[in-house]
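Try each task before reading its solution.

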Amino acid sequence: MQVDFYHLTQLPLERALPRIAERVVETGGRLLIVAGEASQQARLDQLLWTYTPESFLPHGQAGGPDDDRQPILIAGEPETPANGARNIALADGVWREEALGFDRAFHFFDEDRIAEARAAWKGLAGREGVERNYWKQNEQGRWEKAA
């Protein structure tokens, strides 16, 4: 199980998350995006349709009739996704232990959530079967592995 911590220092979530989601889908994977607040779920839903003028990411909000067909689902909790996703993106900066039930977790956080992210990082240290990676953006907005 791999947990990738993404510290948002230059680019906002709205620019970083679609790129990760694209990579998951391009490799044939499925993704569950988790955001606790309904308003953020709605913003993420709109974002995945419009993040670039020439493309969109096929997705749906969890609880719909075609959830099993969606490559990406947006949900409020990290429940077992109907689309069979093995990848989870924690988009609201809140670490959830349920993410460890997936093959890979992407934990996005900004300066407002750094203390919580550090606590999650430390809490995962030495856990059997968990590989941690810490990614930070450089001044150009590119991801660099910091730990």
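**Exercise 1.** State the volume of the largest pocket and describe its lining.

*Solution.* The largest pocket has a volume of about 340 Å³. A pocket here is an open set of points on a 1 Å grid over the protein atoms alone, where a 1.4 Å probe fits, with protein on both sides within 12 Å along at least five of seven lines, and lining residues have an atom within 4 Å of a point. The model is predicted, so local features need pLDDT of at least 70 and side-chain atom pairs 80 or more, whereas totals for linings use all residues. Residues are numbered from 1 along each chain, and hydrogens and water are left out of side-chain values, which use heavy atoms.

Next, count the lining: there are 17 residues, and Leu 13, Gln 40, Ala 91, Asp 92 and Gly 93 lie nearest the centre.

**Exercise 2.** Which element supplies the largest share of the lining of the second largest pocket?

*Solution.* Begin with the space, about 160 Å³, and then with the lining residues, among them Tyr 6, Ile 20, Arg 23 and Trp 143. The largest share, 3 residues, comes from H1.

**Exercise 3.** Is Gly 129 buried or exposed?

*Solution.* First locate Gly 129, which sits in the loop between helix H3 (114-124) and strand S7 (131-137). Its relative accessibility is 54%, and therefore Gly 129 counts as exposed, a term that requires over 50%, while buried means under 20% (1.4 Å probe, protein chains only).

Technical notes:
Helix = DSSP H or I, 4+ residues; strand = E, 2+ residues; numbered from the N terminus. Points joined across faces, edges and corners; volume = space filled by probe spheres on them.
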